[in-house]
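Here is a friendly set of notes to read alongside the model. Take the points in order, and keep the 3D view open as you go.

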Amino acid sequence: MSNTPVRAQAKGAGRVTAGRNSAVGEQAATKSKKAAKATKSSAKPESRLAMVRRARRINRELAEVYPYAHPELDFENPFQLLVATVLSAQTTDLRVNQTTPALFARFPTPEELAAANPEEVEELIRPTGFFRAKTKSITGLAAAIRDDFGGEVPGRLEDLVKLPGVGRKTAFVVLGNAFGVPGLTVDTHFQRLVRRWKWTEQEDPEKIEAEIAAIFPKSEWTMLSHRVIFHGRRICHARKPACGACPIAHLCPAYGEGETDPDKAKKLLKYEMGGMPGQRLKPPAGYPGRPAPPLGAAG
């Protein structure tokens, strides 16, 4: 199975250019000034209806900023996406993308990975960290796919979460991007931003998932996840958000937690927003940034 859903999501994104990103940054500076004024006059508690309207507006504006949003793991079929997602725990998608080409070249199918020598797998995935536990998970899920699902990755949530190392977050990544089944990917970026935006006060991922799912139509769940995660990685960072370069600052109740000076904030931007390579070695058509370098390469 090819990466068709990703290409479909990226349709028309070829019009996005580095110049457009620069224009977004200039607009963000103006909006951040509005945000500062709004923060001073926001003593009145926000109603549920107002929050929902604001949340949906944020989603619409993020769709304009990131029309090319996509999963940042390289994959060509559901099996590769499933394995890559499991490997992405406690590391970056970039490091996974730099590691999986050799893994999939050596073990391209569930049957071959299930029968692999664990020590060989450990050596291949060592750069992703926690390689012994991850080896147990990916060889175990490969064996389960071989034995219980005829060698094909299942396309149902209840089946995916039974596989070793696969929780709801991983399952929804696979369902949304390999099977076109809507789902919310509640990773650390998603959790951080939805709390900053006051969409929820929950800490538990499943409770967060339930509350956010109630705000948006099901058809928006997968792309909403991509947009929020993109924004968290590029602008709304954990330690120092680039508030002064944020295009949705005027809608953010947490404005001011990070750098508000536009020039200083611009220096905090990452990936294509900061003129740097992205996380994928093989990004989809329409991605405006530079592909990431392979493992061991400079750049």
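1. Let us start towards the end of the chain. Tyr 271 lies in the segment after α14 (262-266); helices such as this one are DSSP runs of H or I with at least four residues, strands are runs of E with at least two, and both are numbered from the N terminus. Tyr 271 has a positive phi of about 55°, although it is not a glycine. Is Tyr 271 buried or exposed? Tyr 271 is buried, with a relative accessible area of 18%. Here buried means under 20% relative accessible area, exposed means over 50%, and partly exposed is in between, using a 1.4 Å probe and protein chains only.

2. A word on where these values come from. This is a predicted model, in which local features need pLDDT of at least 70 and side-chain atom pairs count only at pLDDT 80 or more, while totals for chains, interfaces and linings use all residues. Residues are numbered from 1 along each chain as its sequence is written, and side-chain values use heavy atoms, with hydrogens and water left out.

3. Met 276 is also placed in the segment after α14. At 35% relative accessibility, Met 276 counts as partly exposed. Leaving aside neighbours within four places in sequence, Met 276 is in contact with Leu 269, Lys 270, Tyr 271 and Arg 290, where contact means heavy atoms within 4.5 Å. Have a look at Ala 292 as well: its C-alpha atom is separated from that of Met 276 by 8.8 Å, and the two residues are 16 residues apart along the chain.

4. Now the overall picture. How many helices and strands does the chain have? There are 14 helices and zero strands. Buried residues make up 52% of the 299 residues in the chain. Among contacts with a separation of 6 or more, 64% are between residues 24 or more positions apart. The chain exposes about 14,200 Å², and carbon and sulfur atoms supply 52% of that area; the areas come from the Shrake-Rupley method with a 1.4 Å probe.

5. Next, a pair of helices. The axes of helix α4 (residues 78-87) and helix α8 (residues 131-148) come within 10 Å and cross at roughly 155°. Axes are lines fitted to C-alpha atoms, for helices over the stretch in contact, and angles run from 0 to 180 degrees between N-to-C directions. α4 and α8 are therefore roughly antiparallel to each other, since angles over 145 degrees count as roughly antiparallel, under 35 as roughly parallel, 65 to 115 as roughly perpendicular and the rest as oblique.

6. Which residues in α4 and α8 meet? Phe 79, Leu 82, Val 83, Val 86 and Leu 87 in α4 meet Lys 134, Ser 137, Ile 138, Leu 141, Ala 142 and Ile 145 in α8. By class, this contact has nine nonpolar, one polar and one charged residues. Ala, Val, Leu, Ile, Met, Phe, Trp, Tyr, Cys and Pro count as nonpolar, Asp, Glu, Lys and Arg as charged, and the others, Gly among them, as polar.

7. Thr 170 lies in helix α10 (residues 168-178) and is buried, with a relative accessible area of 7%. Apart from neighbours within four places in sequence, Thr 170 is in contact with Leu 82, Thr 85 and Val 86.

8. Compare that with a second pair. α3 and helix α13 (residues 221-234) pack at an angle of about 70°, with their axes 10 Å apart. The two helices are therefore roughly perpendicular to each other. Asn 59, Leu 62 and Ala 63 in α3 meet Leu 224, Arg 227, Val 228 and His 231 in α13. The residues of this contact divide into four nonpolar, two polar and one charged.

9. Arg 54 is found in helix α3 (residues 48-65). Arg 54 is buried, with a relative accessible area of 12%. Setting aside neighbours within four places in sequence, its contacts are Glu 46, Trp 197, Lys 198, Trp 199, Leu 251 and Pro 253.

10. Finally, look at helix α11 (residues 188-196). Seven of its nine residues are buried, so α11 is largely enclosed by the rest of the structure. What covers these buried residues includes α12 (205-213) and α13.
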